[in-house]
Amino acid sequence: MSLRIKRAYEDPSPSDGYRVLVDRVWPRGKTKESVAIDVWMRDVAPSTELRKWFGHDPNRWADFRTRYLEELRHEPARALVAELADRASRGTLTLVYGAKDEEHNQAVVIAEAIHRHMAAPSHEPAQHP
């Protein structure tokens, strides 16, 4: 699996593979061409209420992470995490986000959810005798 996280303000690269914007709002000042995404998954982003509460305040990170992981356990986000995990298992997947903070943003949490999804026992390959 190859999973990357990249700011929307960084130049896209062919090595990024499949690029997915994981923000609920479009990155300020960026054009569709400059972001070069394959798909925009708004519904995997944090709810508007959670996003506004967090406000990218690192002091709220632990609570944000916990609350957001809980949101990702429910539809439609749950199915989108599964889709992203499937995509990552087949090639390079880059989660694109707009926040300035590279350590405290939703893409970091989504990557964690993808790793958890892929490690879940129900997603292990069937064993043959």
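**Labels and their grounds**

Mentor: The largest pocket has a volume of about 380 Å³. Bear in mind that this is a predicted model.

Trainee: What makes a residue part of the lining of the largest pocket, and which lie nearest its centre?

Mentor: A lining residue has an atom within 4 Å of a pocket point. For the largest pocket 19 residues line it, and Asp23, Val25, His56, Gly98 and Ala99 lie nearest its centre.

Trainee: How do the residues of that lining divide by class?

Mentor: The lining of the largest pocket has 9 nonpolar, 3 polar and 7 charged residues. Gly counts as polar and Ala as nonpolar, so Gly98 and Ala99, both in this lining, fall into separate classes.

Trainee: What is the volume of the second largest pocket, and which residues are closest to its centre?

Mentor: Its volume is about 270 Å³. Of the 11 residues that line the second largest pocket, Leu72, Arg73, Arg78, Val81 and His117 are the closest to its centre. The lining comprises 6 nonpolar, 2 polar and 3 charged residues, and H4 and H5 each supply at least two of its residues.

Trainee: How do H4 and H5 pack, and why is H4 called roughly perpendicular to H5?

Mentor: Helix H4 (residues 77–90) and helix H5 (residues 106–119) pack at an angle of about 75°, with their axes 9 Å apart. Angles of 65 to 115 degrees count as roughly perpendicular, so H4 is roughly perpendicular to H5.

Trainee: What makes this a contact, and which residues form it?

Mentor: Contact means heavy atoms within 4.5 Å. On the H4 side the residues are Val81, Ala82, Leu84, Ala85 and Ser89, and on the H5 side Ile110, Ala113, Ile114, His117 and Met118. By class, this contact has 8 nonpolar, 2 polar and no charged residues. Val81 and His117 belong to this contact and also line the second largest pocket.

Trainee: How do you know that the radius of gyration agrees with a compact globule?

Mentor: A compact globule with 129 residues would have a radius of gyration near 14 Å; the protein chain has 15 Å, so the value agrees. The C-alpha trace spans about 55 × 35 × 25 Å along its principal axes. The chain has 5 helices and 4 strands, in the order β-β-α-β-α-α-α-β-α.

Trainee: What is the peptide bond from Glu75 to Pro76, cis or trans?

Mentor: The bond is cis, with omega near 5°. Pro76 lies in the loop between helix H3 (61–71) and H4.

Conventions:
Residues numbered from 1 in each chain as written. Predicted model: local features only at pLDDT ≥ 70, side-chain atom pairs only at ≥ 80, totals over all residues. Heavy atoms only, no water. Axes fitted to C-alpha atoms, helices over the stretch in contact; angles between N-to-C directions. Parallel < 35°, antiparallel > 145°, perpendicular 65-115°, else oblique. 1 Å grid on protein atoms, 1.4 Å probe; cavity = no way out; pocket = protein on both sides within 12 Å on 5 of 7 lines; lining within 4 Å. Points joined across faces, edges and corners; volume = space filled by probe spheres on them. Rg over C-alpha atoms; globule rule 2.2 N^0.38 Å.
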